[in-house]
Amino acid sequence: MATILSDISRTFSEYLLIPRLTRGDQRPELVDLSSPLCSLEDEESSHFKINVPLVSACMQAVSGADLAIALARQGGLSFIFCSQPIESQVDMIQQVKSHKAGFVASDTNATVDMSLRDVLVLMRSSGHSTVPVTSDGSATGFLKGIITDRDFWEYEDDMSNKVMQHMTPIQDVISASDGISLRDANGLLRKHKKECLPILSPEGNLVALVFKKDYEDHRRHPLELLDDSKRLRVGAAINTHDYVARVPALVGAGVDALCFDSSDGFNEHQMEGVKWIRKNFGRAITLGVGNIVSAEGFDYLVENDLIDFVKVGIGGGSICITREQKGIGRGQASALMDIVERRNLHAKDSGRYIPICSDGGLSSDTQIVIALAMGADFVMMGRYFAMTDESPTPKTSINGQMYKPYWGEGTRRAQNWQRYSDNRGSRQMIFEEGVDAYVPLVGPLSELVQTTLYKLRSTMVNVGADNLAQFREQAILTMVSEQSVEEAGTSNVRQFSTGRDVDNTDWGNGV
């Protein structure tokens, strides 16, 4: 007969934190929210940390290039979805890596023989007001000068004039040699009161540009998640069907982390993929696996110490119906606590710490806090990010309220046949494991994330923790009854200032 577990499948909403001593020197803004994404030995520091414990789900309706850029600038990481052709996923990775960060490859260039009218078209299409003038109009051609929107007047100058008549010639351009540090490059911008600094090769060819606005922008985003070349970091999802072709392309595009996207990662196909990646790319690439909901699954995936992090969760997502369709899964809190306990034992025995990602089952800021208190190193979310301006779906008005479409990777709309096909090579989806829905638009990702992080920091101060590791160690959780939930809530009152009933599942921005 089947083995019946004695424990109950618990969710995050069934727990509360007990306050601990808050020290006099503690303040929310001093709390460190960085978290390892990569496994680490003993007490060593992880070579890949995210600055805030939030990552976006590998979903078509969530993790596009714009959202990946916005989240990296807040300190988190996006995993670009793999239910698309390799070429388009690579293009999204490249968009993120080239977005900004110090030394920027020039994507808008002119030649001396172009007309002002042509340059104006370039400026308007790209949004750039500064355009390098190179010998061949390429990003790496011999630099002949710089033209900006301040060098001509659209309605006063003859727009058929050539660029050479209005540009600042190379002999008058302040530039720097390839190899200069970003700090020194910014110092030259400040010294000469310039907005843009071209970086040139010894032969005089354009290598990159450094902008004053990027320096100022970085100062406004101190937690930006950057690689060693000062480029934004980005992750990508992979599957067990085409990783032999997909992974090399993604690595070539500069991806910073990979994770297998599977509703059930406790299988030999995923392990074969892990071994192939390690054989061909070594430990250079950060690699995540999952999803699992049991200590048994954890033991299998970490057996050979080949992986960096593990994703936990089956069927807990707001648009996931795996539990209803297939009868597999587990309450997210129970799954997380079981695997965290096994992870900690594994770390004690082996000296190797494996970060855990709690994926799904989060419907409020409070539940993010509880998941991290229970031992998750970071959380992966779909609906949370799907509601933002930067998610890749169009805004839609329904009864005067703005919404965004949101669908699961297990829906027919996602056309994710590689993950949900009948395994006979056809593109037929036998049944769906997700639903197609709408979520309310909440506005910019930055505002949503900043509210969530302030709540998290404030809670950590209540527990006397200065960082996430202390938070996990010092947290004391208590279960709640239905009556205590009612006692704590405001569901039986009406807010006359807003004219609406209170919804206790709202996210941090009050939507």
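The chain folds into 16 helices and 25 strands, where helices (H or I, at least four residues) and strands (E, at least two) are DSSP runs numbered from the N terminus. This is a predicted model, in which local features need pLDDT of at least 70, side-chain atom pairs count only at pLDDT 80 or more, and totals for chains, interfaces and linings use all residues. Residues are numbered from 1 along each chain as its sequence is written, and side-chain values use heavy atoms, with hydrogens and water left out.

Let's start with the whole chain. Of its 511 residues, 51% are buried, meaning under 20% relative accessible area with a 1.4 Å probe and protein chains only. Its accessible surface is about 24200 Å², with 49% belonging to carbon and sulfur atoms; the areas come from the Shrake-Rupley method with a 1.4 Å probe. Among contacts (heavy atoms within 4.5 Å) with a separation of 6 or more, 64% are between residues 24 or more positions apart.

Now to one of the sheets. Strands E10, E11 and E12 make an open sheet in that order, with mixed pairing; two strands pair if DSSP finds at least two bridges between them.

| Strand | Residues |
|---|---|
| E10 | 176–177 |
| E11 | 196–200 |
| E12 | 206–211 |

E11 and E12 run antiparallel and are joined by five bridges, with Ile199 opposite Ala208 of E12. Helix H4 (residues 182–192) packs on this sheet and touches E10, E11 and E12, its direction making about 65° with that of E12. For this angle, axes are lines fitted to C-alpha atoms, for helices over the stretch in contact, and angles run from 0 to 180 degrees between N-to-C directions.

Elsewhere, Asp113 sits in the loop between helix H2 (86–97) and helix H3 (116–126). Leaving aside residues up to four places away in sequence, Asp113 touches Lys162 and Met164. The C-alpha atoms of Asp113 and Met164 are 6.8 Å apart, although 51 residues separate them along the chain.

Phe309 and Phe378 form an edge-to-face pair (planes over 60 degrees apart), at 5.6 Å centre to centre and 70° between the planes. This pair links strand E16 (residues 309–312) with strand E19 (residues 378–381). Phe309 is buried at 0% relative accessibility, and Phe378 is buried with a relative accessible area of 0%.

Conventions: Buried < 20%, exposed > 50% of the residue type's maximum accessible area, 1.4 Å probe, protein only. Phe/Tyr/Trp six-rings, centres within 6.5 Å; stacked < 30°, edge-to-face > 60°.
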